[in-house]
Amino acid sequence: MNIVRTTPPRPLDVTAVFPRLAPLARTATRLHPRRGTPSVHGSSIGGPLLWPADEPWPHCDAPHEGEERALAELRLERRIRASEAMHPDGAPRVPQYTPEEQAVLDRLDSDETWHDSTWLEGPVALIPLAQLYTRDIPELRPPAHGGADLLQVLWCPFDHPPEHYMPRTVLVWRSAAAVTEILTSPPEPPLVVEEYLPEPCVLAPEQVTEYPNPMELSGELREQIGDLSRWQAAGAGVDSSYAPYPGSFYGSHLSVAPGWKVGGWPMWGYTDPAPRSCPACDTPMDPLLSIDTFEWNRSNCSWIPYEDQAAASPADPRYRDTLQPTGIQIGSGYKQQIYVCPAAPEHPHIELMQ
Ligand SMILES: [Zn+2]
Ligand SMILES: [Zn+2]
């Protein structure tokens, strides 16, 4: 971890205005993914997993949908794009193709189709989504026994109708020290949905404090937060553009951080807060991972880390890679949230689109 990302302090201490929020504070770890070359020994998104050579690789048997693309073709396209981005003033060097890439190009030039309708019936090899070491993300709570210190998240890069119009995830906890021989060439699906193929990213985890989304507050507290006179009485300067809607000021800048993160409070907006009870024991579930399409949007720019503010202008050539570093897109720009059971980590997790 040699990159650092620093969220600017919140515009004001919201607990000084609404002390009843103080006990609701939660720590979240923003992951701040940045395109790079992660290794199996580091935390990453879309990077290689520290996976034992003798352990079966997970597959998905559910019915699949999605506009599939050939994985090899996508990777080649992305490599050419990255090569061009390194020469923004023109004259991109023609990449030296590997023999595998040349075979891809030859196949693309031919009329041969890559698509086989029976293929989507599965089983589909999952692809690495995230690998998170507890040394980097202290909010992670591994199972009590077994000495696990590494969470691996894999997913099946297709939609799963009728229940889930998003990828399905598998969570694996393991002890990094117990992996002696590493699987170097895991199975891969020949086809994927482009929006579900993450760009390899290194992470710069940063802890921040969050408070509940306005929709998760009690009616009374929500009413107080929407009352400008309470802010004024506490001497809190609400940005004047928010004066008619102080609740939006709270929601955008003081409550929940945007972007990829572990723990904290969930962001709502696509739907109202949904019940999240463990399917096995009915315990209210905890947010584990938020897989976000964008690292910020126009309404919550105050969360852009200092180090990214120059690149966060649409005119900057780094803009797109900073706004959407992982290349993942959920729905038309939403997030996929993973929840786990705090009573028993082995209980099945749930996922929601927000
Ligand atoms: Zn699947
Ligand atoms: Zn449970």
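User: Which class does His 347 fall into at 22% relative accessibility?

Analyst: Buried means under 20% relative accessible area, exposed over 50%, and partly exposed in between, with a 1.4 Å probe and protein chains only. His 347, at 22%, therefore counts as partly exposed. This is a predicted model, in which local features need pLDDT of at least 70 and side-chain atom pairs pLDDT 80 or more, while totals for chains, interfaces and linings use all residues. Residues are numbered from 1 along each chain as its sequence is written, chains are lettered from A and ligands numbered from 1 in the order written, and side-chain values use heavy atoms, without hydrogens and water.

User: Which protein donors does the zinc ion (ligand 2) have?

Analyst: Donors are N, O and S atoms within 2.8 Å of the metal (3.2 Å for Na, K and Ca); water is not among the atoms, so sites may look incomplete. Here they are Cys 278 (SG), Cys 281 (SG), Cys 341 (SG) and His 347 (ND1), at 2.1 to 2.3 Å. Their spacing along the sequence is C-x2-C-x59-C-x5-H. Cys 341 is buried, since its relative accessible area is 4%.

User: What is the arrangement of the four donor atoms around the zinc ion (ligand 1)?

Analyst: Four donors count as tetrahedral if all angles lie between 85 and 135 degrees; four count as square planar and six as octahedral if opposite donors are over 155 degrees apart and all others between 65 and 115, and anything else is irregular. Around ligand 1 the angles are 96 to 118 degrees, so the arrangement is tetrahedral. The donors are Cys 60 (SG), His 64 (NE2), Cys 156 (SG) and His 160 (NE2), at 2.0 to 2.3 Å. Cys 60 and His 64 are both buried. The site of ligand 2 is tetrahedral too, with angles of 103 to 113 degrees.

User: What is the strand order in the open sheet of six strands?

Analyst: Strands (E, at least two residues) and helices (H or I, at least four) are DSSP runs numbered from the N terminus. Two strands pair if DSSP finds at least two bridges between them. The order is S12-S1-S13-S14-S15-S16, and the pairing is antiparallel. At the edges are S12 (206-210) and S16 (350-353), each of which pairs on one side only. S15 (residues 335-340) is joined to S16 by four bridges, and Ile 338 stands opposite Glu 351 in S16.

User: How many aromatic pairs does the structure hold?

Analyst: A pair of aromatic rings is described by the distance of the centres and the angle of the planes. Rings of Phe, Tyr and Trp (its six-membered ring) pair if their centres lie within 6.5 Å; planes under 30 degrees apart count as stacked, over 60 as edge-to-face and the rest as tilted. The structure holds six such pairs. One of them, Trp 155 with Tyr 196, is edge-to-face, at 5.9 Å and 65 degrees. Trp 155 belongs to strand S8 (residues 150-156), while Tyr 196 lies in the loop between S10 (191-193) and S11 (201-202), 41 residues apart. Tyr 242 and Phe 249 are 5.4 Å apart between centres with planes at 55 degrees, so this pair is tilted.

User: Over which ring does the charged end of Arg 10 sit?

Analyst: A charge sits over a ring if NZ of Lys or CZ of Arg is within 6 Å of the ring centre and within 35 degrees of the ring normal. For Arg 10 the ring is that of Trp 303, at 3.8 Å from its centre. Arg 174 lies over the face of Trp 51, 4.5 Å from the ring centre.
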